Each structure stands twice: as structure tokens, then as C-alpha cells.
Amino acid sequence: MIKTSELHEGGIIREAGNASTYKTGDWRTFVPQFVQENCIHCMFCWIYCPDSAIDIDTSGPKPLMKGIIMDHCKGCGICAHECPPVKKGKAALVMVREEK
Amino acid sequence: MQQKLVALSGNEAVAYAFKQARPHVAAAFPITPQTEMMHKYAEFVANGESATEMILVESEHSAMSAAVGSAAAGARTFTATSSAGFALMWEVVYIAASLRLPICMAMVNRALSGNINIHCDHSDSMGGRDAGWIHLFSENAQESYDNGLMAWRIAEHMDVRLPVMVNYDGFIISHTADALHMLPDEAAWKFIGPYKHKYTLLDVENPITVGPLDLTDYYFEHKTSQLAAYDKVPGVVQAVSDEFGKLTGRHYGFAEEYLLDDAEMVMVILGSSAGTAKDVIDEYRAKGVKAGLLKLRMFRPFPAAYVAKVLAGRKAVAVLDRSASFGGFGGPVFTEVRSAMYGQKVPVHGYIYGLGGRDFDLRQVATVLDNLQKVAAGGQIEDVNLLGVRL
């Protein structure tokens, strides 16, 4: 993050459209951990994630779950709640307390 | 510089000063005793003497909001208020300073309610002393006019870019006809000059965002950036005042030092009361009492280093406040002066006087001067005292 001496006077923002560079995933308490061997690549987490924080690979015939984009994940846990393997006891997404 | 000697009320004098700056926009709502100032300004506009766009708003909150929008758009902007009007502006007063907008405001000092009172004290502007504005005080119509001209140069200086409040006492200055020298319009315009913006919302080639949400990650840095701006204000105020002095022959600084050179005892005061104090100090001087007066002109930013230096080595100092800080240790000027004097062995005592327009008379000044002599001789008095009230 930039320092006081680098800020514009009056707290104005001169760079239009810079919201895309703002990392909003810095205030979570829990963080999802991806357990790849349990993943069935159903894309439920990708559909339910409110912050587009699920990283997927769409280069093949079927999309593949790759992991979590931590820049934007708020740690809400919806992905782990909706994950079908979790409901069967073989968790592909596990919420753990984040150590900073 | 040839100047015209005129008789005007303080309100008219400030209206003329602001007109001479040729502001683009004025947004104000009437409140006693400020009303007459905006009446006069509206007359200029109606007569075609001023091209200022007047925004007739429905409240002071709207007046300051319109001023903020106008200044952010890159227009030279002013407003004017008093007392409860300033209180209603509150939220936006802070925003004007935080956004570093060089708005000028005529603050015709009046007591705050309750009970409701229309007369002078400084409780209105003092409530806003931490809001980030530059506060200039005036003793009479001449100083109100002069501050009304210099305010633009200070506010709009590229190292400052902060709003300025020109304080003058309600009724005592605002409604009293007083003789003053006015600059010709062209000379005033040459001194103030055209407005230059630092940023503007109207520049579509370079779009900006003003006043976005600012949370735990950046708010502190933005406030730190704002704090640094106040260090640059005193130098600019002095430079602008020096230039003004050369032009008009009227010299200003952070304060007026009245008979201070050899003064053993000093009164510190703001505004119109300084005139009364000077008269009584003259009487005491004639009796051989070495008393003097420090009339603060710039209260924000508070010139702490200057005050500490100018009061160093005195035998006693009395600070007079025309406002009470309820629950605080004395009035706002007293706490600042005493804090600035930390580490010095100069006794500093506070007085609260003149609330709600209570006349500040010669006897009150005499009481203060008598107490100063008592303290200078090693006597004890209360830290904070009251003047001119029935107990």
C-alpha cells in the first residue's frame, strides 16, 4: 500500500478505473483451503462465490477448479458450505483461521 | 497606493472585499447577524456590479455542501454564516478542509443556543476550531475588510489549499458604521488575481474521484497528509500579509503586539475587545504600569512557537476567552496559550468574558490588569476567572 507522501492532496483519486487494482481480500478471518484430490470440479464454488474469487482453468473441454484468488476472497465460507464433497465427508474446501 | 476613506458597517466592508475577489459562486443562507452581509452582496449582483452566481439554498448544511461542490468543480467560492448556521454546516465544514478546498467564509461571530441569543461571542467558530479551517480574527471593519481580501490569497496558495474563515464580531463590528480605507477595485484584483485550480471535477480529460470511502487502510494516511498542510500556513500568512502591507501600509502578522516591547504583563485577546483593552492599557501605562496586549489575528493554525517566544520572560499573562469550553480547563485560547508556554516559568491565567454579547467594559479590563499586577508581585489567583457576570 502506498505511503502518505505518495497520496494526492485532499484524498482525491486521479487514476480513473483503478478500483480493479484495489485488493479487497485483506479483512477476512477464515480462509478456504483447497484440497485438490477431493475436488470433483462441479463448479458449485465458482457459481456461488460472491466475489469471483474462484480460479478456474477453462482451456480444456470441461472447466477445472484451480484454487482460490486470495486478493478478493473475504473468507465468507459459502464455497465450503456449498461444496458437494464436503457434504459427503471428503472436503475439497476447508475453512481454517488465517494466520497473518 | 491611493485608497478611498469610507464609512461602512463590518458586514458591508466584508461584502466589498469579497466582491473585489470576483468569486464565481456564493452559496449562503441568511442568519443574524450575517444577513446584512449577504443582502449587500445580493445587491451587487442585482445591480450588475458582480457576476457571482448566487445559490440560494434552503439551509446552511446545503450552503456549505454547495460551496464544496462548487470549489471542487474549480470555482472561486464563498459563503457566510453565524452561530447556529455554522452549527448546521458542521458535517460539511470538515469535508471542505479535508478535500483541501480554498473556500472563504465570513463568520460573523454570535453566541450559540441555548438559550437563544443573537449577540456576539466566539462559541460558534471555537466549536469548529478542530475542523481544519484557517481562522483569522478582526478587531474592526478595516481589519475585517483586509482579512476579507487576504483570505483568498492564503486559501488559494498552492502550498495551502485550505478554507479560510474571516471572523468578525457580530453587531459590534458587523452592524457598526466604521471608517476604513478601501483599495480601488483594480488594485484589489491585481493583489488577489484570477483563480487557479489544483484539481477540478469539470476536466473530463482527466477524471478524478473526490471524497471516496476511506477506511482503516488509508484514512490515517490522508489525515496525516492534511496535518502536514498546516505547517505551511504560517509562512504563507506572513508572506501574504507582508505583500499586503507594502501595498496598503497596513501591516499584519499572526498577532498585533500592542506596547509589548517592555511589557511585564500581557493580555491576550481576540477580536473587537482589543480596542477596549488598548484604551485601559493606555491609562495604566500613564500610571507607570508596564502592561501590553497581544491581539491574536490567526487562531488556526495556532502560532504556538510565536506565542511562546513573544510571551517569554513576562511576569504575568492573562488570556481572555469570549467563549466557554464546557467541561474543559478554561476557554480555548487559554488552553492553547498555556500549552504553548509549557516549560516556561511565566504564570498564565484565563478569563471568560462577554458571553452572549455581554458588554466588555473598561472596568473588566482594569480588573484583569489589577490581577496581572497582583500575579506579577507573586500573588495567587484562580486559574480560570469570570468577568462581568453576576454571581
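The structure is a predicted model, where local features need pLDDT of at least 70, side-chain atom pairs count only at pLDDT 80 or more, and totals for chains, interfaces and linings use all residues. Residues are numbered from 1 along each chain as its sequence is written, while chains are lettered from A and ligands numbered from 1 in the order in which they are written.

Chain A holds 3 helices and 4 strands, taken as DSSP runs numbered from the N terminus (helices are H or I, at least four residues; strands are E, at least two). Going along the sequence, chain A reads β-α-β-β-α-α-β. Its radius of gyration is 17 Å, well over the 13 Å from the globule rule for 100 residues, so chain A is more spread out than a compact globule. That radius is taken over C-alpha atoms, and the rule is 2.2 Å times the number of residues to the power 0.38. The C-alpha trace of chain A spans about 55 × 35 × 20 Å along its principal axes. Of its 100 residues, 19% are buried (20 or more other C-beta atoms within 10 Å of a residue's own, with C-beta atoms placed from the backbone; exposed means 12 or fewer, partly exposed in between).

Where chain A meets chain B, the contact takes 11 residues from chain A and 17 residues from chain B, a contact being two C-beta atoms, placed from the backbone, within 7 Å.

Over in chain B, helix H6 covers residues 141-156. H6(B) has a kink of about 30°, centred on B:Met150, the bend being the angle between axes fitted to the seven residues ending at a residue and the seven starting there. H6(B) is also mostly covered, with 16 of its 16 residues buried.

Methods
The expected span of a helix is 1.5 Å times one less than its number of residues.
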